[in-house]
Amino acid sequence: MRLERTTLARRLAGYQQAVSLPSRPVVEGRLLRMVGLTLEAEGLSAAVGSRCLVMNGDRHHPLEIEAEVMGFAGSKTYLMPVGSLAGIAPGARVVPLADSGRLPMGMSMLGRVLDGTGKPLDGKGRMRAEDWVPLVAPAINPLRRHPIDQPLDVGIRSINGLLTVGRGQRLGLFAGTGVGKSVLLGMMTRFTQADIIVVGLIGERGREVKEFIEHILGEEGLKRSVVVASPADEAPLMRLRAAQYCTRIAEYFRDQGKNVLLLMDSLTRYAQAQREIALAIGEPPATKGYPPSVFAKLPALVERAGNAEQGGGSITAFYTVLSEGDDQQDPIADAARGVLDGHIVLSRRLAEEGHYPAIDIEASISRVMPQVVTPEHLQLAQRFKRFWSRYQQSRDLLSVGAYVPGGDPETDLAIAKQQQMAHYLRQGLNEGGQQLGQNAAQLAAVFQ
C-alpha cells in the first residue's frame with residue numbers, strides 16, 4: 001500500500017508541473033472614455049505599471065492595442081496607450097496581461113536598430129534573443145559600487161586633455177539646437193575605447209535617426225553598437241520605454257563584465273515624454289509646466305548607470321540636454337546638473353565661428369577628473385583654462401585696438417598662445433585614433 005501511495009504521489013507531482021492554473025482569476029474592465037492620451041477604464045483589477053490589452057472589433061477585424069496602467073482613482077483606472085488608438089470604441093474590453101513584460105537581450109543585438117519594445121527597425125529580420133530580462137533591474141548598493149579611478153579615452157582631444165572622463169562616469173552634454181551635439185556623439189561612438197556602445201535616440205525627428213545611423217555613426221561604429229530609436233511621432237509611453245530599454249541593455253552587458261558606453265539623445269525628450277503622461281492623468285504642473293514626477297524620474301534613470309561591484313563592468317554615460325534658447329537655467333538642465341558627474345557645454349558662438357567641437361571650456365567641468373589623472377596633468381589643464389579665460393576676457397579690447405601690451409604678463413602670454421590653444425581645441429570629424437597619453441603630451445606642448 002505504501003509503495004502504491006508513493007508511486008501515485010510521483011505521478012501527481014509530474015502532472016502538477018504540466019498543468020498551470022492561474023493563482024487568481026483575471027478581472028477584465030471596460031473602456032469608459034478617452035480624453036487626449038488617457039484611457040479611463042472601470043472594473044479593471046491591475047496594478048500600476050502592469051500591461052493591458054485594449055480589445056474591440058469583431059472576430060473578422062479584431063483590434064488589440066497595448067496600454068500601461070499609470071494610475072487609479074476609486075474604481076477607475078487610468079491607462080496610457082503604447083501605439084495609435086485609431087479604431088478603439090467605447091466599451092472596449094481591457095484585459096490585464098499576465099506577463100510583466102520581458103525584453104530580448106544578447107550579443108546578436110550588436111549592429112541592430114530596435115524600437116522601445118525590442119522589435120527590429122532595420123529590416124534585417126528577427127533578432128535571436130539569448131536572454132529575456134525584465135525592464136527594471138535590481139539596484140546596486142551604492143556602497144558596493146567600484147569607485148571611479150580609471151580614465152576613459154573618448155577620442156576627443158579637448159575632452160581627454162581638459163575634461164578627462166572616468167570609466168563609469170555620467171556626464172551631460174548641454175547644447176541648444178544646431179551646435180553639433182549629434183556629430184560629437186558620433187565621434188565618441190567611433191573613437192571611444194569601450195567594449196559595447198548603446199545609443200538611445202529618444203524623441204528625435206525620424207529623418208535624423210536615419211542620418212545619425214548612416215552618416216554620423218557609420219558602418220564601423222554600428223558593428224559594436226546597439227541603437228534604440230523612438231522618434232518624436234511615437235506615443236510618449238514608447239519614448240519613455242525606449243530610454244529605459246537602452247539603459248537596461250547597458251546594464252545587461254555591464255553585468256557580463258563589459259565596459260559599456262551609453263549615449264542618450266536626449267534626456268530632455270525623456271523628461272518631456274514623462275511630462276505629457278503626468279499631465280494627461282491629472283498631475284499638477286510645478287516648475288515651468290513640469291510635474292514633480294519628472295524630477296523624480298530623472299535621477300531614477302541616471303543612477304542606473306555607473307560602475308558595477310568590484311571586478312565587474314561599467315557604464316559610462318553621456319546624456320544630451322537641450323537648452324531651450326541656450327538657457328542654462330532651464331529646469332531640466334538645472335536638475336540634470338545636480339544628478340550628473342559633470343557637464344560639457346556646447347557654445348553657439350563657437351559654432352558660428354566654425355570652431356568644432358564647439359565645447360565651452362570655461363563653462364564645462366568633469367567632477368571626477370582629479371581622481372583619474374596625474375597631478376601634473378591636472379595642473380596643465382587648470383593652467384590652460386586660466387589662459388583661455390584671460391584671452392576671452394580681453395577679446396573686446398583686442399577687437400577695438402584698446403588693449404595695451406605689457407600691462408598684464410599673463411594676458412600677454414594668453415594672447416601669444418591663443419592660436420596654439422585654439423588648434424588644440426579644434427578637431428575634425430574623422431580626426432581620431434589619438435591616445436589619452438598623447439593628448440596630455442600635446443597639452444604640455446602648448447606651453448613650451
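In which loop is Pro357 found? Pro357 sits in the loop between α9 (348-352) and β19 (365-366). Helices (H or I, at least four residues) and strands (E, at least two) are DSSP runs, numbered from the N terminus. A cis peptide bond joins Tyr356 and Pro357, with omega about -10 degrees.

The structure is a predicted model, in which local features need pLDDT of at least 70 and side-chain atom pairs count only at pLDDT 80 or more, while totals for chains, interfaces and linings use all residues. Residues are numbered from 1 along each chain as its sequence is written, and side-chain values use heavy atoms, with hydrogens and water left out. Confidence is given as pLDDT, the predictor's confidence in each residue, from 0 to 100. The mean pLDDT of the protein is 86. Of its residues, 92% reach 70 or more. Among the elements, strand β11 (residues 165-166) has the highest mean pLDDT, 95. Helix α1 (residues 2-18) has the lowest, 59. Where pLDDT is low, the predicted coordinates should not be read in detail.

The protein has 15 helices and 19 strands. Its C-alpha atoms fill a box of roughly 105 × 55 × 40 Å, taken along the principal axes. Of the 448 residues, 49% count as buried. Buried means under 20% relative accessible area, exposed over 50%, and partly exposed in between (1.4 Å probe, protein chains only). Contact means heavy atoms within 4.5 Å. Of the contacts with a separation of 6 or more, 71% come from residues 24 or more positions apart.

Helix α13 (residues 409-416) packs against helix α14 (residues 418-425). Their axes come within 4 Å and cross at roughly 55 degrees. The axes are lines fitted to C-alpha atoms, for helices over the stretch in contact, and angles run from 0 to 180 degrees between N-to-C directions. The two helices are therefore oblique to each other. Angles under 35 degrees count as roughly parallel, over 145 as roughly antiparallel, 65 to 115 as roughly perpendicular and the rest as oblique. Ala414, Ile415 and Ala416 in α13 meet Gln418, Gln420 and Met421 in α14.

Leu425 also belongs to α14. At 3% relative accessibility, Leu425 counts as buried. Beyond its neighbours within four places in sequence, Leu425 contacts Ser158, Leu162, His355, Tyr356, Pro357, Ile361, Phe384 and Trp388. Two of these, Tyr356 and Pro357, are the residues joined by the cis peptide bond. Leu425 and Ala358 are 67 residues apart in sequence, yet 8.6 Å apart in space, C-alpha to C-alpha.

Helix α15 (residues 436-446) has Leu436, Asn439, Ala440, Leu443 and Val446 as its buried residues. Seen down the axis of α15, they fall within an arc of 110 degrees, so they line one face of the helix. The arc is that of the directions from the helix axis to the C-beta atoms. Their cover includes β10 (151-152), α2 (157-162), α11 (375-393) and α14.

Gln244 is found in helix α5 (residues 236-255). Gln244 counts as buried, at 15% relative accessibility. Leaving out residues up to four places away in sequence, Gln244 touches Leu135, Tyr270, Lys297, Leu301 and Arg304.

Two loops remain to be described. A cis peptide bond joins Asp265 and Ser266, with omega about 10 degrees. Ser266 lies in the loop between β15 (259-265) and α6 (267-280). Lys288 is found in the loop between α6 and α7 (292-302). Its phi is near 50 degrees, a positive value in a residue other than glycine. Lys288 is exposed, with a relative accessible area of 60%.
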